[in-house]
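Colleague: I have a model open here and would like to go through it with you. Could you take my questions one at a time?

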Amino acid sequence: MESPYAPLSESAAKALGDKMYDKRKVASQEIEKMVTEFNLKNNSAQIRKLIEDSHKYVNELVTPILHCLNDQDMRVRYFACESLYNVVKVSRSAIIPFLPDLFSALSRLVADNDQTVRDGSELLDRLLKDIVTESSQSFKMEAFIPLLKERIYVKNSFVRQYVISWISILNAVPEINMVLYLTDIIDGLFTMLEDNTQEIQRMCETTLTQFLKSIRNDSSSVCMEDTINTLITHAQSPHEQIKSIALTWIREFVLIFGSNVLPYASGIFTAILPCLEYNEDSMKNIKECAVSVNKSMMKLVSSKEHKTQNIEQIDLKSIMTVLSRYLSHNSAQTKIAVLEWIYHLLINFPNEMSTHLNELGNNLLGILSDNSDDVVLKCISVLAEIVNSQHSKETTDFNKANYRKFLLSLIKLFSEDKSFLDNRASLIIRQLCVLLNAEYIYLTFSEIIAEEVTNLKFASLIVRLLNSILLTSSELFELRSVLRDIPNEKSAKLFSKLYLSWCHCPVSTLSLCLLAQSYQHVSELVVLFADVEITLELLSEIDKLVQLIETPIFASLRLTLVSKANNCADAQYLAHALFGILMLLPQTDAFRMLKNRLQCVPNYWGQQPVNEKQSLQYKSNIDFIELTLHFKKIQKAHRDQRVQQRKRSFLVNEH
């Protein structure tokens, strides 16, 4: 009966596994001699049988050698590598079950202190990779991945290079779908990008690029949910390369997975919003990628096709938490992007955003004092949309409560910060008049000033500002047109309400009446200026009014001076009013300007009785007697307050 070890003798087979080196050496020499003889005789069948027999003893061959790989003696470790190489070379696919142990051992040897050991381990490693590539069908990835995952966080550069090389090799094998295991290793790959060795950085980047290419071709294997969370984390890294690659992946995921990324919107915003401030050339790619992600997310959110699905997927609470945090960011670009997102959400999800409006409105008011005009303008747009979104959909009337609440907060800000009032108030009010209803804005401001502002000096300042905007701003053209049509009931009502607060500033009151063509009342008010304290400030205001009369805005006023309409009543009242204003002025350039204008008025005005019933003012049915009394009352209050302030100031100086 033929020996089960044939053509190997039974004694040689047993000697191969003996503890004594000399016996193993004799057995190996016998095998070497047999192979040589078989080769000379061209007996390949016997050689193949010898190789097949070796598979039965892989365990006995490999196990003792593996122990030697941990030996303290460098020579033992080297010879163990050499021996393993020979065993693996012969065993080929039979070595696959031992791959986890071999991988673990080699992960230590690649970082060995001795160069010869490292060289030996490198040769063995190459052979193992070749075998895995050709025997991928029998390779168990489930058992191998934990080993990769464990060693991927080792900081030693040799080990890192070793791990990356294995990941790259496995990813290149067509039969192995490494994307299935991406979530186990992607965090480690990004972590290794911070290695100081350029070669490791290059290998990592190449491997990540290969993975992303695979995902583009077939995204069904990747676990998007876990992967995108990892990407969001690394996109916030201070390391430029890590940040750049992570953002590139996020951009691709948004394009590939579409609305499925919306549940992770808050994390994506956390990653991209700070990147919008980058202006350095080295960070240009990062900024461009962040901008691209931002635009893609905007398109996803505004998709009408998947609107219901989007509402269900978006976590508005977490999104608003992130956006609110970045409202105080140093970068104007970041703040603008945040404001655009808030506006976008208000437009697309008005009902869902309603619970966030109160807190949001308070946060936005603080942004109005920002140094950037672009930020302020964008903020006003959002605030205007909030006010608009609170309107009742069942009525065309504006929601007075919402306007009042918002503008009351605005006036409070103006009163608390003089520089804010001087530098930002005009811009804010003009823009609000464009975005909201200018008439409602002015009516509400007037009501607040008349009813709630107790600081009369501040009331005068804010009226002066509102009046200046009214008379000079192109945004208020329509409102000026309404006020000029004073016989109209709506216009008369608007004029009367504005008048109640405009009385805090005498010259503004004159301006309003001139604009509304209430010329008879202007001529009567000018006389009352005798009781108003004539200060340099007041004279300066009158000076500005005279200059305004010369502008295109008051072209119709100047033409009234030569008009025969209404039996010349308006022309004569206006001439009387302007002569009264002229008398208030010292002989300055403004005096001479108005004097020259009045010299162009036909001298026959005043030579015939004026019929007040013919004037536009009379046709308005406004009770100007009551308005005059109100004017006197308000001016008396101002006068009394100034007296009290002077007394207090005197007493303070006395002490």
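Predicted model: local features only at pLDDT ≥ 70, side-chain atom pairs only at ≥ 80, totals over all residues.

Colleague: Staying with α15 for a moment, is Ser296 buried or exposed, and what does it touch?

Modeller: Ser296, which is found in helix α15, counts as buried at 14% relative accessibility. Leaving aside residues up to four places away in sequence, Ser296 touches Val254 and Leu255.

Colleague: Changing topic to charge pairs, how many salt bridges does a search of the whole structure find?

Modeller: The search finds 24 salt bridges. In one of them the side chains of Asp112 and Arg77 meet, at 2.8 Å from N to O. Asp112 lies in the loop between α6 (99–109) and α7 (115–134) whereas Arg77 lies in helix α5, so this pair ties together parts that are 35 residues apart in sequence. Both Asp112 and Arg77 are buried.

Colleague: What about Lys490 and Glu439, which helices do they lie in?

Modeller: Their side chains meet in a salt bridge as well, with an N to O distance of 3.6 Å. Lys490 lies in helix α28 (residues 489–502) and Glu439 in helix α25 (residues 438–451), so the pair ties together parts that are 51 residues apart in sequence. Glu439 is buried, its relative accessible area being 15%.

Colleague: And the bridge of Asp640 with Lys636, how far apart are the closest N and O atoms?

Modeller: They are 2.9 Å apart. Asp640 and Lys636 are four residues apart in helix α36, and are therefore separated by about one helical turn. Asp640 is partly exposed, with a relative accessible area of 36%, and Lys636 is partly exposed too, with a value of 44%.

Colleague: Which residues do salt bridges with shared partners join into one network?

Modeller: Arg404, Glu447, Glu451 and Glu452 are joined into one network in that way.

Colleague: Back to α5, since you mentioned Arg77 there. Which residues form the nonpolar patch on the surface?

Modeller: Met74, Tyr78 and Phe79 form it, and together they have about 260 Å² of accessible area. Met74 is placed in helix α5, which covers residues 74–91, and at 31% relative accessibility Met74 counts as partly exposed.

Colleague: Now the backbone: what is the phi of Gln517?

Modeller: Gln517 has a positive phi of about 60 degrees, although it is not a glycine. As background, most residues other than glycine have a negative phi. Gln517 lies in the loop between α29 (506–515) and α30 (519–528), and it is buried, with a relative accessible area of 16%.

Colleague: And Asn621, buried or exposed?

Modeller: Asn621 is exposed, with a relative accessible area of 70%. Asn621 has a positive phi of about 60 degrees and is not a glycine, and it is found in the loop between α35 (616–619) and α36 (624–654).

Colleague: Last one: where is Leu476 found, and what does it touch?

Modeller: Leu476 is found in the loop between α26 (456–472) and α27 (477–484), where it counts as buried at 0% relative accessibility. Not counting residues up to four places away in sequence, Leu476 touches Cys433, Ala438, Tyr442, Ile469 and Leu470. Leu476 and Cys433 are 43 residues apart in sequence, yet 7.2 Å apart in space, taken from C-alpha to C-alpha.

Notes. Residues numbered from 1 in each chain as written. Heavy atoms only, no water. Helix = DSSP H or I, 4+ residues; strand = E, 2+ residues; numbered from the N terminus. Buried < 20%, exposed > 50% of the residue type's maximum accessible area, 1.4 Å probe, protein only. Contact = heavy atoms within 4.5 Å. Patch = residues over 30% accessible without salt bridge, like charges linked within 9 Å, V, L, I, M, F, W, Y side chains within 5 Å. Areas by Shrake-Rupley, 256 points an atom, 1.4 Å probe, with all protein chains shown as cover. Salt bridge = Lys/Arg side-chain N within 4 Å of Asp/Glu carboxyl O.
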